[in-house]
Amino acid sequence: MLILTCPYCGIDADETELAAGGQAHIKRETVGASDDDFETYMFMRENPKGVHFERWRHANGCGKWFHAARCTMTLEVFGTYEAQSYEPPAEIRAAISAKRPGWSWGRFS
Amino acid sequence: MKRYSAFAIAREAARYHQGWERAWASPEPKARYDAIIVGAGGHGLATAYYLGKNFGITNLAVIEKGWLGGGNTGRNTTIIRSNYLQDPSAAIYEKARSLYETMSQDLNYNVMFSPRGVLMLAQTHHEVRGYQRTAYANALQGVKTEFIGPQRVKEICPIMNIEGPRYPVMGGLWQARGGTARHDAVAWGYARACSDMGMDILQKTEVTGVTREDGKVTGVETSRGAIGCDKLGIVVAGHSGHLAEMAGFRLPIESVALQALVSEPIKPCMDIVVMANTVHGYLSQSDKGEMVIGGGTDSYNNYTQRGSFHHIEETVRALIETFPMISRLKMLRQWGGIVDVTGDRSPILSKTPLENCFINCGWGTGGFKAIPGSGWGFAELMAKGSSPLTAEFGLDRFREGRFIDESVAAGVAH
């Protein structure tokens, strides 16, 4: 079972305690966006075999949204961090680079 | 190809079964083909078969990274039905169901199609109304289904407890001509027929790149060298995003794990397929006597082919209220498959931004039942550039807001 550490309350939460919220770091588009940009925002998703960034909610706990960096091939968790982040923090990126040198995901690497 | 028949069995029995041929050849790749299909699962092989049978394109290779039918074709719960709400879905799934009826004769290969009937249980008032609506839609589409009451459900499936306190059975959507088939045999039968038409099935050959020139596809790079082609069909389910990236476009798809499990074999007790969408479980009994149970998908992206254990618990916990007699059964095997899910839970059979490159993916959790219909339509799309069966399933429907919204219509099990 997937276990993620909630960065707010510090609890190691089983996946039954959490709700998955899909891809993280999506750039949201609104009125005036081009068709391409809006389609990308609405439908196109990163679907990597490997490093992935996701939104999760500690639904049956403190209720807070947070971000997780995870491997979709091994279910290894590289770390979790606050939802109020525009990009993965340096220590999370370093933790990923230590285990998956040369990784890239969307606009991050 | 020597035909399989009762006479052939007698003939081979008389000579110690030494005359059976290999069902399909394993040739070396040629430098160039008229068409290449990537992915030798059910959908890929069916596409190749109908390209040959309906359009005479037999200078064709089917390229497979692993082995034939080794992905989701061999990992599903083999349910065949066509009781969909939306017209484009009903059309392609009904085409598939009707092709399954004659597939064994057509391929000269016993795919063990068993039209035993599929019953989708209504266990809430919302489901009752939803399935009544689907029954009316199916009547307009020419798909034979009917909404039946709880007493009829009990007659059709006596082992069911229709008075469960939490999940009472309030009726069901009954498709008498739905059923199951032997999933491996579908892949093997198509492969044998394709090989017989002179097509090359290249197993253990991984595609590592798509070569293009002036916005047109010119071939693929593989682990066994470069192979040229005029037309390319990508039919690789969970790995579609990966191939699309090689071809230079993106897909609105995410891959998740879907699980199934089978019990120890027991005496025949249930001769239909039951789907219970409220609790998200489905149940049928295999010819060996095992109860085949399908469960839910994980909620997060995943390529592990395992799935989370708590989904099994949820599925089984709910099913044993409706089927009390299975509560003591031991489970023998559990496995997961990687399913490619689109935003509207309907597949993509489409041209792509790369000319002469076509994609067939996004079948999500319900691809097996569609195999012949998908192959039929996708072959027409590849050969002629358009097909009435696939017209609504284009990649541009997301941008244009023309969803085929089965995620709402079909509930969850799909």
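**Strand pairing, sheet order and chain contact in a predicted two-chain model**

In chain A, strand 5 (residues 65-71) and strand 6 (residues 77-82) run antiparallel and are joined by 5 bridges, where strands are DSSP runs of E of at least two residues and helices are runs of H or I of at least four, both numbered from the N terminus, and where two strands pair if DSSP finds at least two bridges between them. Across this pairing R70(A) stands opposite V77(A) of strand 6, and in the hairpin, which has 5 residues between the strands, L75(A) takes a positive phi near 65 degrees. The model is predicted, with local features requiring pLDDT of at least 70 and side-chain atom pairs counted only at pLDDT 80 or more, whereas totals for chains, interfaces and linings use all residues. Residues are numbered from 1 along each chain as its sequence is written, and chains are lettered from A and ligands numbered from 1 in the order in which they are written.

In chain B, 8 strands form an open sheet of mixed pairing in the order 5-6-4-13-14-15-12-16. Strand 5 (146-148) and strand 16 (331-342) of chain B stand at the edges with a single partner strand each, so one side of each is left without a neighbour in the sheet. Neighbouring strands of this sheet are turned by 20 degrees against each other on average, direction ignored. Within the sheet, strand 4 (residues 118-122) and strand 13 (residues 273-276) of chain B pair in the parallel sense over 4 bridges, with L121(B) opposite A276(B). Helix 8 (residues 309-322) of chain B lies across strands 12, 13, 14, 15 and 16 of chain B, running at about 125 degrees to strand 15; axes are lines fitted to C-alpha atoms, for helices over the stretch in contact, and angles run from 0 to 180 degrees between N-to-C directions.

The contact between the chains takes 19 residues from chain B and 17 residues from chain A, two residues being in contact if their C-beta atoms, placed from the backbone, lie within 7 Å. On the side of chain B that touches chain A, helix 7 (240-247), strand 12, helix 8 and helix 10 (397-400) each supply at least two residues, and strand 12 gives the most, with 3 residues.

As to confidence, the model scores ipTM 0.91 and pTM 0.93. The mean pLDDT (the predictor's confidence in each residue, from 0 to 100) of chain B is 93, and 98% of its residues reach 70 or more, although pLDDT stays under 50 over residues 409-414 of chain B.
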